[in-house]
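Please look over the sequence and the structure shown below before reading the briefing.

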Amino acid sequence: MSNFDFLLEQKDFESFAPIAVRAEKYAHDDPDTSIGLCRKAAECATNWLYAVDRHLDSTGLRDFRDKISNYQFKKLVGADICDSVHLIRKLGNKAVHGENANFPPKTSLVIVYSLFKYLCWIEHNYVSSDTF
C-alpha cells in the first residue's frame, strides 16, 4: 500500500500517479532511483497541469524548469509548493545525472514527501473543482 494509491483512482492522473507509487516504493532501498522517479512524476504532473488549466500558458516555455519558474505557475500553486517542486527537480536531476549521487534514504523521504504535497495540492484543486 502506498500513500499515493488514492491518486490511482483518478484516470486523469495516469501519467504521474503510478510513477509516484514506484518512487515511494524505492525510497528506503534505492534513494537515487526514488528521487529520480519523484522528478519524473513531478514533471508529468506539471505537464498535465499545463494541459488542463486554462490559466497556464506554456507558449515559449521549453522545459520543466521553465514551466515551474513561470510566474503563472508560481501564482497558482503558491511559494511553498513551488519551492517543493524546484527541490524535487534539482535533486532529481542530480540523482539521475550526477556522478555518485548516493543520496541517503532520509533525503529520498523528504523528496517523496515534497512530491506528496504537490500531488495532494493537485488532487485537492482539480478533482472536485471547476478549475479546469
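Contact, as the word is used here, means heavy atoms within 4.5 Å. This is a predicted model, in which local features need pLDDT of at least 70 and side-chain atom pairs count only at pLDDT 80 or more, while totals for chains, interfaces and linings use all residues. Residues are numbered from 1 along each chain as its sequence is written, and side-chain values use heavy atoms, with hydrogens and water left out.

**Overall fold**

- The protein has seven helices and zero strands, where helices (H or I, at least four residues) and strands (E, at least two) are DSSP runs numbered from the N terminus.
- The radius of gyration, taken over C-alpha atoms, is 14 Å, close to the 14 Å that the globule rule gives for 132 residues, so the protein is as compact as a globular protein of that length; the rule itself is 2.2 Å times the number of residues to the power 0.38.
- Along its principal axes, the C-alpha trace spans about 40 × 35 × 20 Å.
- Buried residues make up 45% of the 132 residues, with buried meaning under 20% relative accessible area, exposed over 50%, and partly exposed in between (1.4 Å probe, protein chains only).
- Of the contacts with a separation of 6 or more, 61% join residues 24 or more positions apart.

**Helices H2 and H3**

- The axes of H2 (residues 17-25) and H3 come within 8 Å and cross at roughly 160 degrees; axes are lines fitted to C-alpha atoms, for helices over the stretch in contact, and angles run from 0 to 180 degrees between N-to-C directions.
- H2 and H3 are therefore roughly antiparallel to each other, because angles over 145 degrees count as roughly antiparallel, under 35 as roughly parallel, 65 to 115 as roughly perpendicular and the rest as oblique.
- Ile-19, Ala-20, Arg-22 and Ala-23 in H2 meet Ser-34, Leu-37, Cys-38, Lys-40, Ala-41 and Cys-44 in H3.
- The residues of this contact divide into seven nonpolar, one polar and two charged, where Ala, Val, Leu, Ile, Met, Phe, Trp, Tyr, Cys and Pro count as nonpolar, Asp, Glu, Lys and Arg as charged, and the others, Gly among them, as polar.

**Helix H6 and its partners**

- H3 and H6 pack with their axes 8 Å apart, at an angle of about 130 degrees, and that makes H3 oblique to H6.
- On the H3 side, the contact is made by Asp-32, Ile-35, Gly-36, Cys-38, Arg-39 and Ala-42, and on the H6 side by Ile-88, Arg-89, Leu-91, Gly-92, Asn-93, Ala-95 and Val-96.
- By class, the contact of H3 with H6 has seven nonpolar, three polar and three charged residues.
- H6 (residues 79-97) and H7 (residues 105-126) have axes 9 Å apart and an angle of about 135 degrees, which makes H6 oblique to H7.
- The H6 residues that meet H7 include Ile-81, Val-85 and Ile-88, and among the H7 residues that meet H6 are Ile-111, Leu-115 and Trp-121.
- The contact of H6 with H7 has nine nonpolar, three polar and two charged residues.

**Ala-42 in the interior**

- Ala-42 is found in helix H3 (residues 31-52) and counts as buried because its relative accessibility is 0%.
- Leaving out residues up to four places away in sequence, Ala-42 touches Phe-64, Ile-88, Leu-115 and Tyr-118.
- Although Ala-42 and Phe-116 are 74 residues apart along the chain, their C-alpha atoms are separated by 9.7 Å.
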